[in-house]
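Hi,

Here is the structure for you to look at. My notes follow below it.

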Amino acid sequence: MTDHTLEAHSSVKPTGQRTSGTRSLFMKMGIFHKEIIDDPYYQYENFEKVSNAKTLGSGAFGDVYLVKHKKDGKMFALKQMNKLKVIESGASLDIIYREITIHRRIQHENIVSLYSHQEDREEFNLIMEYVNSGTLFTVIKKNKFLDEKKSFKYFIQVVAAINF
């Protein structure tokens, strides 16, 4: 049996790539950017909701919609969170700001990317990577049963994201 591990010391490489502890060859490391770089391509004004698309998801603070870029037609997800709902739930807007700041810096193949955010007095608008296959919950709910090979694949992806 082959040992599929590499030894790595916790560090931040000059590119901002983070490594930690013993890594599996099955798991790819992500990148944690030291600075948030705003790309004008991802500005909120450059997107429009896809009119015939259903809501991609709903949460305690708002909904997620399918949007497309006005210039090239690429699809993204728009997560709109109502600030009043956040406050009424007992959560702090500071928690949302911290989550946005951290999420904008993370780049990992098993974590949905957050490209930009914009806010007004009423809501946060987050431009995110669109994943057309849905969430892991959606896959499990749809299939009701996963064979061992698929289960292992999803398990490795979840562990890789958490390990990052």
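Where is the place of isoleucine 162? Isoleucine 162 sits in helix 4. Note that this is a predicted model.

Is isoleucine 162 buried or exposed? Its relative accessible area is 67%. The cut-off for exposed is over 50%, so isoleucine 162 counts as exposed.

Isoleucine 162 also belongs to a nonpolar surface patch. Two elements give two or more residues each to the patch: helix 3 (136-143) and helix 4 (148-163).

Now the strands. Strand 8 (residues 62-69) pairs with strand 9 (residues 75-82). The sense is antiparallel, with seven bridges. Strand 8 and strand 9 form a hairpin, and five residues lie between them. In the turn, glycine 73 has a positive phi of about 75 degrees.

Strand 9 also runs antiparallel to strand 12 (residues 123-129), again joined by seven bridges. Aspartate 63 has glutamine 80 in strand 9 as its bridge partner. Asparagine 125 in strand 12 stands opposite glutamine 80.

Totals for the chain:

- The chain holds four helices and twelve strands.
- Of its 164 residues, 27% are buried.
- The accessible surface comes to about 11,600 Å², and carbon and sulfur atoms account for 54% of that.
- Among contacts between residues at least 6 apart in sequence, 44% join residues at least 24 apart.

Best wishes

Methods
Residues are numbered from 1 along each chain as its sequence is written. This is a predicted model: local features need pLDDT of at least 70, side-chain atom pairs count only at pLDDT 80 or more; totals for chains, interfaces and linings use all residues. Side-chain values use heavy atoms; hydrogens and water are left out. Patches are made of residues with over 30% relative accessible area and no salt bridge: like charges are joined within 9 Å, nonpolar side chains (Val, Leu, Ile, Met, Phe, Trp, Tyr) within 5 Å. Accessible areas come from the Shrake-Rupley method with a 1.4 Å probe; for residues, only the protein chains shown count as cover. A salt bridge is a side-chain nitrogen of Lys or Arg within 4 Å of a carboxyl oxygen of Asp or Glu. Buried means under 20% relative accessible area, exposed over 50%, partly exposed in between (1.4 Å probe, protein chains only). Two strands pair if DSSP finds at least two bridges between them. Contact means heavy atoms within 4.5 Å.
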